[in-house]
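Subject: Structure for your review

Dear colleague,

Please find below the structure that I am handing over to you.

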Amino acid sequence: MTTSNLVFLPGPADHSGEPMGRFLPRWPVGAAASWLHAHTPAGSWVIDPFGASPHLALEAAQAGYRILVISNNPVTRFILETQATPPQIEDLRAALSKLAGARRGDDRLEYHIRDLYRTHCANCGEEIEAQAFLWERESIGPYARIYECPHCQQSGEFPTTDEDFERAARFDTGGPYRARALERVAASGDPNRFHVEEALDAYLPRAVYALFNIINKLDGLVLNAAEAKYLHAMILAVCDQANNLWRVPDERFRPRQLITPPRFMEKNVWLALEEAMEKWATRAPATPLTFWPDAPPESGGICLYEGRIKDLAEKLETAPLAAVVSALPRPNQAYWTLCALWAGWLWGREAIGPFVQVLQRRRYDWGWHTSALYSALRRLAPVLPEGTPFFGWITENEAGFDAAAMTAADLAGFKLEGAALRVKDKQTQLVWHTAPRTTPTETDTFTITRQALHDLIAARGEPTQYLHLQAAGLLALSQAGLLTSPAQNNEIKPSAVAANAYNDARQFLVQATGARSRLVRYHGGKSSIEIGKWWPRTPSEPSPPLADRVEMALVTLLQEGPTRTWAEIDRAMCAQFPGLQTPDSPLLLAILGSYATETETGVWQLRENDTSSARRQDVTELHQFLARIGAQLGYPVQPAQPLVWENALNGQPLYFYLIASAILGKIISSPLHAPEQGVIVLPGGRAGLVLHKRERDPRLDYILEGGWRFLKFRQVRRMAENERLTQENLASYFALDPLAHDDVQMPLL
């Protein structure tokens, strides 16, 4: 059995409030430092060949490593440079004040831009400034406005007026400002001009007018280098805030295509400038940053290479690189195209450089992305010592992305050693090592892949999603030397080799889940094997369900004390269940919510009535109650576990399983009776956890739907006190207090 003992490294990963945060990888804070400290001595050189995450580079440098970052995206590179030497709010405010005071005719630039967003309060009629306008994609004007009136304090979203329509209509789709926006990126004879025009449609005419009033004035200001950098940073943030890709109602939407949402928000450009100050300002210390070939200090820092790794690879042969760490980039036509626009707008056409090629591509498939990843990695692998570890993070996982990364790295000469992932968090973590390609001892990819899938399902003990199965199958193939093979025909382009390898890898999984797979699928779809969860048609003896084992482990952790924070609990559970058995955070939170409470200081404590001694006492007491109730109803009682009422259900016995947990796997896996004869008796606090397990495990849900009943401890206590309980109304009492996520206590009849 191929196993993965890679410990998933969790961490908060929401950077949406930072400049361009909705486009950058959702980096789990602390993951890079944790992995590097465990695998590489401090002060070592490490390399990020893709440079997609400024957070990763900063974290590695601040953890005491010298990280070489390869970046050909001028905007992502600027973000990293700026965050390495973070500006202070006072410096940003002073720079913005210079811009605000620039003259626009007889007016200050600030007032001119603010006037573009004037409206009248629907309550008091005073002229005020709107924070934003809301549009529908095909409309000729906004349908709503958002404001906070400083005169009467009315605030919220309100319908627009004719005046709002007229004000928005003053700006046409042509004119000098749009021409200026085009010219800054591509000259009139440039073949990319058409693509720039298409990309510019992501901005309303009023936004283009406001932005280029600001950019034109910026060019004419007398600024020192620091002031220019601060203004560029704030305007860059506004270039993102001013486009049409802010979907309503979900502002946290992460756009991937330059497609205007059905409803979107037009933000006030000047207010966005002021908000940008807060986004860039930070109290974090400066991080040493140099440019290749200058080295940062041994105590840690960033060495930035402006370009592509193919132009640097030969010079790396003597570099003492100890590891590779990278947030693997996801194809994002929206971000990459906008970066080309923004670079041209702020720094001129020359600043775009080779990155201008992104303007010509509108669609990215996973075969193309495999080729792009392979293009970089195939130049990196030969210059690394054998055994060099490569830790890769996929921060928006899906089957195509994961398969592209695993295939490209394997083809480039990196052997996959471990995988861990979380579906709900959309995180996949992978570790490779450089290793010479070996000749496989066998070539039966179907048998190896199918066995890996069956082994994983048996180890998890529950129906398993495709993303986990794919990782297990590709991991097994990589370790067997069968995932990819180098092209024998030198005339085949490397891009075609990589795309073919990706298609082959996906085909391995199609075959391994096909008619000969001996697998069945719950809630599957006809169009894609990625939908639903898989389970063996004739399962062997599987492990207890993963959810049950996680519940036992987490409750044991809470009982051991001392109290722990969510982050500490999450790390402990990931360490105890590594690789492709990593529990998703919603399961952990459901268990915590069932057994513990979070204090004001952020630590979780086991509830007093959920200590092992209290629950043992409950089970003993409830066992006695059920024995007494059965006897009072006239049923012969067998007091063992399970407790049995003879002749209770149409002449058939009822079996009562008294548990203090939500661990159901052992009870339902091989019952001694029909499902409708089984009654699981448990604390009411477990109701939400049982429902969560049913939602995540379709096999469990199917079995329980066969007729199993649930009784809560409080029901049994009330039944024991109820003198009107009879054989005739017993079924009504059983159904009176069903399982519910909020566990509402229902009154008895």
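**Cis peptide bonds and backbone angles**

Pro642 is placed in the loop that runs between strand S23 (637–638) and strand S24 (643–649); helices (H or I, at least four residues) and strands (E, at least two) are DSSP runs, numbered from the N terminus. The model is a predicted one, in which local features need pLDDT of at least 70 and side-chain atom pairs count only at pLDDT 80 or more, while totals for chains, interfaces and linings use all residues. Residues are numbered from 1 along each chain as its sequence is written, and side-chain values use heavy atoms, with hydrogens and water left out.

Gln641 and Pro642 are joined by a cis peptide bond with omega of about 10°. A cis peptide bond also joins Val248 and Pro249, again with omega of about 10°, and Pro249 lies in the loop between helix H10 (225–241) and strand S10 (263–267). For context, most peptide bonds are trans, and most residues other than glycine have a negative phi.

Asn647, in strand S24, has a positive phi near 55°. Its relative accessible area is 47%, so Asn647 is partly exposed (buried means under 20% relative accessible area, exposed over 50%, partly exposed in between, with a 1.4 Å probe and protein chains only). Asn650 belongs to the loop between S24 and strand S25 (652–658), and its phi is also positive, near 50°. Asn650 counts as exposed because its relative accessibility is 78%.

The largest pocket has a volume of about 1,200 Å³. Of its 45 lining residues, Asn72, Arg308, Trp336, Trp368 and Ala372 are the closest to its centre. On a 1 Å grid over the protein atoms alone, a pocket is an open set of points with protein on both sides within 12 Å along at least five of seven lines, a cavity is a set of points where a 1.4 Å probe fits but cannot get out, and lining residues have an atom within 4 Å of a point. Grid points are joined across faces, edges and corners, and a volume is the space filled by probe spheres set on the points.

Helix H13 (366–380) is among the elements that supply at least two residues each to this lining, together with S2, H12 and helix H17 (494–512). H13 provides the largest share, 10 residues. By class, the lining of the largest pocket holds 23 nonpolar, 14 polar and 8 charged residues; here Ala, Val, Leu, Ile, Met, Phe, Trp, Tyr, Cys and Pro count as nonpolar, Asp, Glu, Lys and Arg as charged, and the others, Gly among them, as polar.

The second largest pocket has a volume of about 520 Å³. It is lined by 28 residues, and Phe171, Thr173, Tyr203, Leu204 and Pro205 lie nearest its centre. Elements giving two or more residues to this lining include helix H6 (162–169), helix H7 (176–183) and helix H9 (205–220), and H9 gives the most, with 4 residues. The lining of the second largest pocket divides into 13 nonpolar, 6 polar and 9 charged residues.

**Helix H12**

Helix H12 (residues 333–347), which contributes to the lining of the largest pocket, has 15 residues and reaches 21 Å from its first C-alpha to its last, close to the 21 Å expected at 1.5 Å a residue; the expected span is 1.5 Å times one less than the number of residues. Of the 15 residues of H12, 14 are buried. At the start of H12, a side-chain oxygen of Asn332 comes to within 3.1 Å of the backbone nitrogen of Ala334. Just after H12, Gly348 adopts a positive phi of about 95°.

**Cavities**

There are 2 cavities of 30 Å³ or more. The largest cavity has a volume of about 40 Å³, and its lining includes Asp48, Ser53, Val69 and Arg77. Helix H2 (54–62), strand S2 (66–71) and helix H3 (74–84) each supply at least two residues of that lining, with the largest share, 3 residues, coming from H3. The second largest cavity holds about 30 Å³ of space, and among the residues that line it are Glu18, Arg22, Asp240 and Lys279. Its lining divides into 2 nonpolar, 3 polar and 4 charged residues.

With kind regards

Definitions and conventions: A polar contact is a pair of N or O atoms within 3.5 Å; within protein, one must be able to donate a hydrogen and the other to accept it, and residues adjacent in sequence count only if both atoms are side-chain atoms.
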